[in-house]
Amino acid sequence: MAHRPLGDLRLLRAVESIWTADVDFFFKDTTPDDWAPHLDWLCPDALDRDTWRLRMPMQSYIVQTPHHNIMVDTCVGAHKELPQYPEWHRNDHSRFVEALNRHNLTFEDIDFVMCTHLHTDHTGWNTKLEDGRWVPTFPNARYIFSKKEYQHWAQVDNYIYRSNVLPVVEAGRADLVQNDFALNDHVWLEPSPGHTPDHVCVHVQSQGERAVITGDLFHSPIQFVKPHWHNEIDWDKDLGAATRRRFMETHADTDTLICTIHFPLPSAGFFRREGEGFAFDYDTYDW
């Protein structure tokens, strides 16, 4: 499969599914009139106007350095008990494994897993079901979690924590780090709180070229026009909106490649200023 060069690194993606969710699930405080001026450029890739549902890829990025394969976020995963999400409930999500294999990668080839935060659809493949118990999916990988993020969810102690996170820690595969942790000269974290208490973005750099993997800092392209529109499940909605705007102000009109998780494929592109707001130009590189 194609990859995106970044200096002497390679960016890959493994798409698990294209999920659909009712607009009200994410943007409950909005009305159809609020969306009307934007339907021409949102539909049909980001929004199905007939069903009024958002279309959102579930995907992981893999950063290949000269020495390591680094996976950022791990989608929903296989065989998870998620009855509240019928499309995900007990799904084997074999498409994810097939996508990984098409890059000539297996679970054993991943050296590091970095989670932007510890929600359902960003930690699922952290573990797999083996003989009735959850075990780390990537047997040779160190898993990088924000210590503050981990401590928050350990106190909440829900199903996602017990199935996707705790087994990794109990297996001794987790490194709990500060939110500005640098893995090496190529890859490091930047705090971007709001969606969760210690959400992080992942910076990638090589030979003067830069990219940032944004996790759930953004859920829909509408948010680069309306950064104050927040996800209903954001931990701190005002903080999330402020973090989004600051991020766009920092990266607008630069050559930093912005790699989102949930924007329509190809999901990556560049911010630019437009009037008093921002626009997003999708990457033209075929990957």
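Me: How are buried and exposed residues told apart here?

Reply: Buried means under 20% relative accessible area, exposed means over 50%, and partly exposed lies in between (1.4 Å probe, protein chains only). Phenylalanine 218 is counted as buried because its relative accessibility is 0%. Please keep in mind that this is a predicted model, in which local features need pLDDT of at least 70 and side-chain atom pairs count only at pLDDT 80 or more, while totals for chains, interfaces and linings use all residues. Residues are numbered from 1 along each chain as its sequence is written, and side-chain values use heavy atoms, with hydrogens and water left out.

Me: Thanks! How do I read an aromatic pair?

Reply: A pair of aromatic rings is described by the distance of the centres and the angle of the planes. Rings of Phe, Tyr and Trp (its six-membered ring) pair if their centres lie within 6.5 Å; planes under 30 degrees apart are stacked, over 60 edge-to-face, and the rest tilted. The whole structure has 30 aromatic pairs. One of them joins phenylalanine 218 and phenylalanine 271, a tilted pair with 5.5 Å centre to centre and 40 degrees between the planes.

Me: Where in the chain do phenylalanine 218 and phenylalanine 271 sit?

Reply: Helices (H or I, at least four residues) and strands (E, at least two) are DSSP runs, numbered from the N terminus. Phenylalanine 218 is in the loop between strand 13 (209-213) and helix 8 (222-225), and phenylalanine 271 is in strand 15 (residues 268-274), so the pair links distant parts of the chain, 53 residues apart. Phenylalanine 271 is buried too, with a relative accessible area of 1%.

Me: And which residues form the aromatic cluster?

Reply: Trp19, Phe25, Phe26, Phe27, Trp35, Trp52, Tyr85, Trp88 and Trp229 form one cluster.

Me: What about salt bridges?

Reply: A salt bridge is a side-chain nitrogen of Lys or Arg within 4 Å of a carboxyl oxygen of Asp or Glu. The count comes to nine. In one of these, arginine 90 meets glutamate 81 at 3.0 Å, N to O. Arginine 90 is exposed because its relative accessibility is 53%, whereas glutamate 81, at 35%, is partly exposed.
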